Amino acid sequence: MTSSSLTSLQELLLDSVDDILSEPITLDEKLFRICELLEDAMPTFDWVGFYKVADDEPNTLVLGPYVGEPTDHVRIPFGKGICGQVAESHETYVSQDVHAEDNYISCSIHVQSEIVVPIMKDGEFIAQLDIDSNTKNSITTEQQELLEAICDRLSDQF
């Protein structure tokens, strides 16, 4: 994504992410602040969080910082659900209607759309950004581009 293709909101949010990433705080504090930023900036983002590769169990995601309703899904095996699928594919996945997905793990009866963006470091999957929306068909191409740019920036923080 070139800077000329960014909208002013995307530029503003990326500048804010850069500011957060430059602060002398822990990685989890940075991730939480990014969750807050995205949830505040995007009215259709109802749950924003990060899953990291578990240190204690191979091929398992563990819930990291998030904002939104609590979830029972604090550990997800690779391959299970959309998050587990992205952990294996290393590709962003967008579902405009989670109820049409065969492998969706329901976190809330209200969730309608979801995007999961992998965070890669030196070609290795290390974490992901997971966003749920209570609005069907709410994930835009511009939002996907923004979230992928944020995850690219985050890879240097791990």
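Modeller: Helices α1 and α4 are roughly parallel to each other, in what is a predicted model. Two packed helices are described by the angle between their axes and the distance between those axes. Here α1 covers residues 8–22 and α4 covers residues 141–154. Their axes come within 11 Å and cross at roughly 20°. Angles under 35 degrees count as roughly parallel, and therefore this pair receives that description. The crossing in which α1 passes α4 is right-handed.

The side of α1 in this contact is formed by Gln 10, Leu 13, Leu 14, Val 17, Asp 18 and Leu 21. From α4, the partners are Glu 142, Glu 145, Leu 146, Ala 149, Ile 150, Arg 153 and Leu 154. Sorted by class, the contact of α1 with α4 holds 8 nonpolar, 1 polar and 4 charged residues.

Helix α1 also packs against α2, with an angle of about 160° and axes 9 Å apart. Since an angle over 145 degrees counts as roughly antiparallel, α1 and α2 are therefore roughly antiparallel to each other. Their crossing is right-handed. In this contact α1 contributes Leu 13, Ser 16, Val 17, Ile 20 and Leu 21, while α2 contributes Lys 30, Arg 33, Ile 34, Leu 37 and Ala 41. The classes are 7 nonpolar, 1 polar and 2 charged residues.

The remaining pair is α2 with α4. Helix α2 spans residues 27–41, and its axis lies 13 Å from that of α4, at an angle of about 165°. That angle makes α2 roughly antiparallel to α4. This crossing, too, is right-handed. Leu 31, Ile 34 and Leu 38 of α2 meet Leu 146, Leu 147, Ile 150 and Leu 154 of α4. The contact of α2 with α4 consists of 7 nonpolar residues, with no polar and no charged ones.

We may now turn to the empty spaces. Rolling a probe the size of a water molecule over the atoms shows where empty space is left. The count comes to 1 cavity of 30 Å³ or more, and the largest cavity has a volume of about 80 Å³. Its lining consists of Tyr 51, His 73, Ile 76, Gly 81, Ile 82, Cys 83, Tyr 104, Ile 105, Cys 107, Glu 114 and Asp 130. Helix α3, residues 81–89, supplies the largest share of this lining, 3 residues. By class, the cavity lining has 7 nonpolar, 2 polar and 2 charged residues.

The largest pocket has a volume of about 180 Å³. It is lined by Asp 46, Trp 47, Glu 69, Pro 70, Thr 71, Cys 107, Ser 108, His 110, Val 111, Asp 132 and Asn 134. These lining residues divide into 4 nonpolar, 4 polar and 3 charged. Cys 107 lines both the largest pocket and the largest cavity.

Terms used:
Residues numbered from 1 in each chain as written. Predicted model: local features only at pLDDT ≥ 70, side-chain atom pairs only at ≥ 80, totals over all residues. Heavy atoms only, no water. Axes fitted to C-alpha atoms, helices over the stretch in contact; angles between N-to-C directions. Helix = DSSP H or I, 4+ residues; strand = E, 2+ residues; numbered from the N terminus. Parallel < 35°, antiparallel > 145°, perpendicular 65-115°, else oblique. Left-handed = near helix turned anticlockwise from the far one by under 90°. Contact = heavy atoms within 4.5 Å. Nonpolar A, V, L, I, M, F, W, Y, C, P; charged D, E, K, R; others polar. 1 Å grid on protein atoms, 1.4 Å probe; cavity = no way out; pocket = protein on both sides within 12 Å on 5 of 7 lines; lining within 4 Å. Points joined across faces, edges and corners; volume = space filled by probe spheres on them.
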